[in-house]
Amino acid sequence: MLDYQGRTELLKDDITNGSVSLRIRDIRPSDEGLYVCLFQSLTFFQDASVLLQVEGLGSGPDISVEGHQDGGIKVVCRSSRWYPQPEAQWRDLQGQFLPSASENISQAAGGLFQTEIAIVITEESNQKVSCCVRNPCVNQERESAIYIADLFFPRVSPWVVALVVILALVIALALYCIWTQRRAKGILLTEMEHENERLQSELAKQKDLEIKIQIKASKRIIIWRYTSLIKLEGC
């Protein structure tokens with residue numbers, strides 16, 4: 001079989017005693033399965049089968065800090081070359097399980113599994129945690145730990161808080177001044193409109209009075225002319 005060329009070897013040193021061994025190098029997940037051993041001669045025939053299970057204990061977990069997230073520090077644990085699919089989890093100092101922020105397990109082309117699990121560590125929570133990746137079939141695991149010092153956690157400086165408060169007060173005061181100015185301007189415009197209406201009303205009254213005076217004067221002129229005309233006719 002092409003898949004086994006250059007990787008298998010029959011050990012026949014003890015064949016006269018009925019013992020032959022099969023050695024498989026560079027073991028792969030595809031090697032898992034049932035194998036049959038057959039002995040036969042002119043007077044004897046017998047076979048036996050054995051089930052081969054492949055178990056891969058992968059690499060030690062590699063822990064890296066990915067940056068700040070959700071008020072804490074995001075830490076990612078990666079491990080590869082596991083078979084079958086492993087179990088990964090975060091633990092605290094007491095070995096208690098910690099919920100992860102995300103988990104991703106994928107299978108490579110060769111059939112081996114790789115896992116990536118993340119957690120967000122906050123200043124209030126346990127700052128020392130361990131990442132454990134376990135093979136559930138053989139109950140073997142690999143573990144790595146990390147400790148995050150206080151100085152790496154995001155903090156708000158009191159000076160920054162004070163500056164933000166002062167800035168908020170300045171903005172509020174500026175907005176109040178603008179509102180006050182606009183209100184005073186609005187009141188002034190209203191008063192000016194009322195004064196303008198009053199002046200227009202008085203002007204209209206004056207015009208009415210002038211028109212009335214002109215009408216009276218015209219009536220007097222007409223009456224005077226009419227009287228003069230009567231006198232002339234009387235003469």
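Glu-87 and Arg-134 form a salt bridge, with the closest N and O atoms 2.5 Å apart. By salt bridge I mean a side-chain nitrogen of Lys or Arg within 4 Å of a carboxyl oxygen of Asp or Glu. This pair links distant parts of the chain, since Glu-87 is in strand S7 and Arg-134 in strand S11, 47 residues apart. Strands here are DSSP runs of E with at least two residues, helices are runs of H or I with at least four, and both are numbered from the N terminus. Glu-87 counts as partly exposed because its relative accessibility is 39%. The cut-offs are under 20% relative accessible area for buried, over 50% for exposed, and partly exposed in between, using a 1.4 Å probe and protein chains only.

A word on the model before I go on. It is a predicted model, in which local features need pLDDT of at least 70 and side-chain atom pairs count only at pLDDT 80 or more, while totals for chains, interfaces and linings use all residues. Residues are numbered from 1 along each chain as its sequence is written, and side-chain values use heavy atoms, with hydrogens and water left out.

Back to the salt bridges. The count comes to 8. One of them joins the side chains of Asp-31 and Arg-7, at 2.8 Å from N to O. Asp-31 lies in the loop between strand S2 (21-24) and strand S3 (33-40), and Arg-7 in the segment before strand S1 (8-11), so the pair ties together parts that are 24 residues apart in sequence. Are these two residues buried or exposed? Both Asp-31 and Arg-7 are buried.

Another salt bridge is between Arg-23 and Glu-9, at 3.6 Å from N to O. Here too distant parts of the chain are linked, with Arg-23 in strand S2 and Glu-9 in strand S1, 14 residues apart. Arg-23 is partly exposed, with a relative accessible area of 41%, and Glu-9 is partly exposed at 32%.

Now the strands around the opening pair. S7 and S11 pair in the antiparallel sense over 5 bridges; two strands count as paired if DSSP finds at least two bridges between them. Within that pairing, Ala-88 stands opposite Val-133 in S11. S11 also pairs with strand S12 (residues 140-147), again antiparallel, over 8 bridges. There, Cys-131 has Ser-144 in S12 as its bridge partner. The hairpin of S11 and S12 has 4 residues between the strands, and Asn-139 takes a positive phi near 55 degrees. S11 is mostly covered, with 6 of its 8 residues buried.

Cys-131 comes up again in the core. The largest nonpolar core has 19 residues, and those with the most contacts inside it are Ile-63, Val-75, Trp-90 and Cys-131. At least two residues of this core come from each of strand S6 (72-82), strand S7 (87-91), strand S10 (113-121) and strand S11 (128-135). A nonpolar core is a set of buried Ala, Val, Leu, Ile, Met, Phe, Trp, Tyr and Cys residues joined through side-chain atoms within 4.5 Å.

S6 and S10 also belong to a sheet. What is the order of its strands? The sheet is open, has 4 strands in the order S5-S6-S10-S9, and its pairing is antiparallel. Strand S5 (62-69) and strand S9 (102-107) stand at the edges with a single partner strand each, so one side of each has no neighbour in the sheet.

Going across the sheet, 7 bridges join S5 to S6, and Gln-69 stands opposite Gly-72 in S6. S6 and S10 are joined by 8 bridges, with Arg-78 opposite Glu-116 in S10. S9 and S10 pair over 6 bridges, and the bridge partner of Glu-103 is Ile-117 in S10. The hairpin of S9 and S10 has 5 residues between the strands, and Gly-111 there takes a positive phi near 95 degrees.

Last, the helix. Leu-175 is found in helix H1 (residues 158-234), and it counts as exposed because its relative accessibility is 54%. Leu-167, Ile-171, Leu-175 and Ile-178 form a nonpolar patch on the surface, with about 370 Å² of accessible area together. Patches are made of residues with over 30% relative accessible area and no salt bridge, with like charges joined within 9 Å and nonpolar side chains (Val, Leu, Ile, Met, Phe, Trp, Tyr) within 5 Å. The areas come from the Shrake-Rupley method with a 1.4 Å probe, and for residues only the protein chains shown count as cover.
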